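Please look over the chain below before reading on. Then use this report as a guide to its parts.

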Amino acid sequence: MQRQASLQHVIRTYRLVFAGVAALIVVTGVIALIGYFTDPRAIEMVVVRVLAGASLLLLLRWGYVRLRQELASAAEEQRQLLDLAYRDALTGAHTRSYFFSALKQSLYGNDRPVAYLQIDMDKLKVLNDSHGHGAGDAALVHLVKTLKTLLPDALIGRLGGDEFGIALIGQDSRPALVRLGDQILATLGQAISIDGRPIRLSATIGVALWPQDAAELDELISKADLALYKGKKEGRAATVAFESELMADERHKRFVERDLRAAILLNELELHYQPIFAVDGTTLCSHEALVRWQHPVRGQVPPGDFIGIAEQSDLIDKLGDWVLRRAAADLAALGTPHVGINVSVVQLRRGDFAERFADILMEAGISGSQIVIEITESLPLKSGTVELSNIEALRALGVRVAIDDFGSGFASLEYLRGFPFDIIKIDRSYVANLPGSRIDGLIVTSIAKIAQSMQVEVIAEGVETAEQLQFLQQAGVTALQGYLLARPEPLRSRFASAA
């Protein structure tokens, strides 16, 4: 930039010198001509002066052209340096700050409509964990390359780890933009080779329009994000355009989050405990703690309506701590050696989860061996991850680990081979069709045999009929849980029943 400014100063000086010399030549020529009319022999002097002046002008002109070339070179060099400064080093997309600055100029600098697309890679963490971070980086590079190919005139920025923004000037057709998003997803879905393996990528896209959906930049981004979240919630790999109904969903989310925060603070939640029995169906072994929320106005709020919202903020940590404290306090009254609590994937991704867990056990005065944590097999667990480190730290405290809903996730056999656990809980979807389904029967029996060979417990969930109970007893499971044996109840109801 300093070089460019210096060159511009020199050029301005050249222009002044050029104009001065030209004026001097003209004046000299006029004076010479006047002299010629008074003395014809002065013509030689006129020619010499004009030729000298012309030579000087040509020299100045050549220098001016060279300076202009240097100035253009300096400007190009500066543009390249600025481009590098405002580009993401990995993908080549614009940086977050530059992208939003350019998008803001696009919104307020012209009267044309602008379409904003927010795209988020699906399950990039799974790809990183299963194939290494190099594979994840290659996926991001391929995504941006795809976007640049399909949208050569778009402004593309990297907003975060696996999240990108796209701005299209002059676009305001919602259906056309959804079709465009679907085209992007279809292209991403074509297999590519990463580290010699065929990989199909997936993403979710949220779309919002300016000025139809929003008058300000922050509002535009927020509404595209709402549409993106809806796409994630409904199964991912989709393009979703913002609709006014989404604002109602957002208001509902904020309402639930606010009231849940208050319910945790005021201790208005409660735990229901479902007994787990030995294979004879009568000997009580343990309990599973299930959180329940009786809202003073809305009545019973199902866990499915607030757990997901809690996972989007720090509420899931506060909720998890509350559940552990209450279960630890109720353990003596339950009358079983241990109690199981469900742990969210989001909780396990907190670096301090195991430490906070240990502190609560110490406060309650119980040992880790009295707690079982239940996690779903949808959580990818690989060596070196925060999740696995937390689990290993808890197991070092004596806490036992159960794979909940086994068979419903994406990596059952991988879990059996490489994940340290103590209990398998067979998903109720396999139990529901027993004994009528031969395939489900083979799966349940096989899981029981594998568990037996690995010397781990296997619990069948969702036992609701006597026929199911009989089949499971013969299949080799070690424990049973379901409505046929006992329903979840609050602790006070158990005491009332016993009385």
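## Ground rules

This is a predicted model, in which local features need pLDDT of at least 70, side-chain atom pairs count only at pLDDT 80 or more, and totals for chains, interfaces and linings use all residues. Residues are numbered from 1 along each chain as its sequence is written, and side-chain values use heavy atoms, leaving out hydrogens and water.

## The whole chain

The chain holds 18 helices and 17 strands. Both are DSSP runs, numbered from the N terminus: helices are H or I with at least four residues, and strands are E with at least two. The chain has 499 residues, and 45% of them count as buried. Buried means under 20% relative accessible area, exposed means over 50%, and partly exposed lies in between (1.4 Å probe, protein chains only).

The accessible surface is about 25,600 Å². Carbon and sulfur atoms own 56% of that surface. Such areas come from the Shrake-Rupley method with a 1.4 Å probe, and for residues only the protein chains shown count as cover. Now take the contacts, meaning heavy atoms within 4.5 Å. Among contacts with a separation of 6 or more, 68% join residues 24 or more positions apart.

## Helix α7

Helix α7 has 17 residues. Its first and last C-alpha atoms are 24 Å apart, close to the 24 Å expected at 1.5 Å a residue. The expected span is 1.5 Å times one less than the number of residues.

Which residues of α7 are buried? They are L217, L220, I221, K223, A224, L226, A227, L228 and G231. These residues pack against α3 (96-108), β1 (114-121), β3 (163-169), β6 (203-210), β7 and α8. After α7 comes G235, with a positive phi near 120 degrees.

## Helix α8

An α-helix has 3.6 residues a turn, so residues three or four places apart point the same way.

Just after α8, N267 has a positive phi of about 60 degrees.

The axes of α7 and α8 come within 10 Å and cross at roughly 80 degrees. That makes α7 roughly perpendicular to α8. K223, L226, A227 and K230 of α7 make the contact with L246, M247 and E250 of α8. Axes are lines fitted to C-alpha atoms, for helices over the stretch in contact, and angles run from 0 to 180 degrees between N-to-C directions. Angles under 35 degrees count as roughly parallel, over 145 as roughly antiparallel, 65 to 115 as roughly perpendicular, and the rest as oblique.

Next come α12 (residues 353-364) and α13 (residues 386-396), whose axes come within 8 Å and cross at roughly 25 degrees. These two helices are therefore roughly parallel to each other. Their crossing is right-handed. A crossing is right-handed if the near helix is turned clockwise from the far one by less than a right angle, and left-handed if anticlockwise. F353, A354 and F357 in α12 meet N390, A393 and L394 in α13.

The axes of α16 (residues 438-454) and α17 (residues 466-475) come within 9 Å and cross at roughly 40 degrees. That makes α16 oblique to α17. The contact is made by G441, V444, T445 and A448 of α16 with F471, L472 and A475 of α17. The crossing of α16 and α17 is right-handed.

S286 sits in strand β9 (residues 284-295). Is S286 buried or exposed? It is buried, because its relative accessible area is 8%. Beyond its neighbours within four places in sequence, S286 is in contact with Q274, P275, I276, T336 and H338.

I192 lies in strand β4 (residues 192-194). At 18% relative accessibility, I192 counts as buried. I192 and H142 are 50 residues apart along the chain, yet 8.9 Å separates their C-alpha atoms. P302 is in the loop between β10 (299-301) and α9. Its relative accessible area is 42%, so P302 is partly exposed.
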